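Dear colleague,

Please find below the structure I promised to pass on, followed by my notes on what I found in it.

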Amino acid sequence: MRGRGIATINFAVHRYLRASSSLAGSSGRVSSTIVDFSGGSSIVKDDRDGAYGHNFKNMKSDRKLFGIAAGAFSASFAFSSMSAALAKERVVPERMPEEVILYQYEACPFCNKVKAFLDYHDVPYRVVEVNPVGKKELKWSEYKKLPVLVVDGEQLNDSTAIITSLNSRLGAPPMSEEQRKEEDQWRRWVDDHLVHLLSPNIYRSTSEALEAFDYIAENGNFSTTERFTAKYVGAAAMYFISKRLKKKHNITDERAALYEAAETWMTALGGRRFLGGEKPNLADLAVFGVLRPIRHLRAGEDMVKNTNIGVWYKNMEEAVGPSSRLPSNFQMAEMGKPVQSTVTS
Ligand SMILES: N[C@@H](CCC(=O)N[C@@H](CS)C(=O)NCC(=O)O)C(=O)O
């Protein structure tokens, strides 16, 4: 189950890196740029008033440290044996793309939406983990946000547009106008509402932030000192950043907001197995995609314990099945043999 938390942590690291990198270059005027969950708009805030109550000025070595953490986590993956997929959407071979490359941050919720879609349709894909500092892997692209998907040489940008385009390419099942409207409504809800609840919940308390950063400390390639610093500096940074995000999105009680979102989703299902009926639709995949990385952190455990979302989540896990992500060359070399594509993000 540990692998499921990796995405969350890596996204935190990316956000932390961006915050620290924009601070490091400033002269006199200190401003911080924090990657927001909201769809790419970065919050740029003049920090001369010291409103954040923490000092990010000397982050060069921390950036290096977190670069290591991010790299370690990008390369990390967990094996999970899942139940057979019961509600898989099968793609006819002629429609299956030959080469799919996802440029991503491992923990970016928008990237995780795309991964859930690809996994559900058994579309094999390779991942290029983008370094948030410099983004050199994306030098060739004018569009600089993630995810970017390259499908047989064609570049697709923006998670919603990517999924919509791939869905029609793979042969989307017919649906009524009413069903389409409902699907669109809930896809928008994921981008406009659900994603904003993630950080405030994952880093809600110092102990939760530390729990989350345990993943980095345990899995990263650190010396003992680095491990210690990664855990405590990273957790502290994300704790403060999440408080700012909470304020920005007018969240008073983050757990209550998460539970409410889960129940809102259950009400939307109205007793159906999936919003799409017997098979998940794009809204089911979007909700699942953003929740999958937090499911086995304390926030996700609490959500399942205190709401009715668990059964739907389990059904989604079964429907989506194992990941179709292809192992990287690094992973192949590490294992000394071909790797099964049963990794989770
Ligand atoms: N609407 C876009 C939002 C994508 C987005 O904001 N991605 C974040 C990462 S989660 C990003 O690239 N932020 C800008 C940055 O990191 O420079 C989508 O759905 O793909």
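Helices and strands here are DSSP runs, numbered from the N terminus, where a helix is H or I over at least four residues and a strand is E over at least two. This is a predicted model, in which local features need pLDDT of at least 70 and side-chain atom pairs count only at pLDDT 80 or more, while totals for chains, interfaces and linings use all residues. Residues are numbered from 1 along each chain as its sequence is written.

**The chain as a whole**

The protein chain holds 13 helices and eight strands. Of its 345 residues, 41% are buried, a residue being buried if 20 or more other C-beta atoms lie within 10 Å of its own, exposed if 12 or fewer, and partly exposed in between, with the C-beta atoms placed from the backbone. Two residues are in contact if their C-beta atoms, again placed from the backbone, lie within 7 Å; among contacts between residues at least 6 apart in sequence, 75% join residues at least 24 apart.

Two strands are said to pair if DSSP finds at least two bridges between them. An open sheet of four strands runs in the order β5-β4-β6-β7, and its pairing is mixed. The edges are taken by β5 and β7, each of which has a single partner strand, so one side of each is left without a neighbour in the sheet. From one strand to the next the twist averages 20°, where axes are lines fitted to C-alpha atoms (for helices over the stretch in contact) and angles run from 0 to 180 degrees between N-to-C directions.

Within this sheet, β4 and β5 pair in the parallel sense over four bridges, and Leu-102 has Val-127 in β5 as its bridge partner. The pairing of β6 with β7 is antiparallel, also over four bridges, with Val-148 standing opposite Asn-157 in β7. These two strands, β6 and β7, form a hairpin with two residues between them, and Asp-152 in the turn has a positive phi of about 45°. Helix α4 lies across β6 and β7, and runs at about 130° to β7.

**Loops worth a look**

The loop between β5 (126–129) and β6 (148–151) contains Pro-147, which is joined to Leu-146 by a cis peptide bond with omega of about 10°. Two further aspartates have a positive phi although they are not glycine: Asp-122, near 55°, and Asp-158, near 75°. Asp-122 sits in the loop between α3 (109–120) and β5, and it counts as partly exposed because it has 18 C-beta neighbours inside 10 Å. Asp-158 lies in the loop between β7 (154–157) and α4 (159–170), and with 19 C-beta neighbours inside 10 Å it too counts as partly exposed.

Is Glu-106, by contrast, buried or exposed? Glu-106 is buried, because 26 other C-beta atoms lie within 10 Å, and its place is in the loop between β4 (100–104) and α3. The C-alpha atoms of Glu-106 and Glu-129 are separated by 6.8 Å, although the two residues are 23 apart along the chain.

**The core and helix α10**

A nonpolar core is a set of buried Ala, Val, Leu, Ile, Met, Phe, Trp, Tyr and Cys residues joined through C-beta atoms within 7 Å. The largest one has 66 residues, of which Leu-102, Val-114, Phe-117, Leu-258, Val-287 and Val-290 touch the most other members. The largest share of this core, eight residues, comes from α10. Leaving aside residues up to four places away in sequence, Leu-102 touches Cys-111, Val-114, Tyr-125, Val-127, Pro-147 and Leu-149.

Helix α10 (residues 282–291) is mostly covered, with 10 of its 10 residues buried. The axes of α5 (residues 177–192) and α10 come within 8 Å and cross at roughly 15°. That makes α5 roughly parallel to α10, since angles under 35 degrees count as roughly parallel, over 145 as roughly antiparallel, 65 to 115 as roughly perpendicular and the rest as oblique. On the α5 side the contact is made by Glu-183, Trp-186, Arg-187 and Val-190, and on the α10 side by Leu-282, Ala-283, Ala-286, Val-287 and Val-290.

With best wishes
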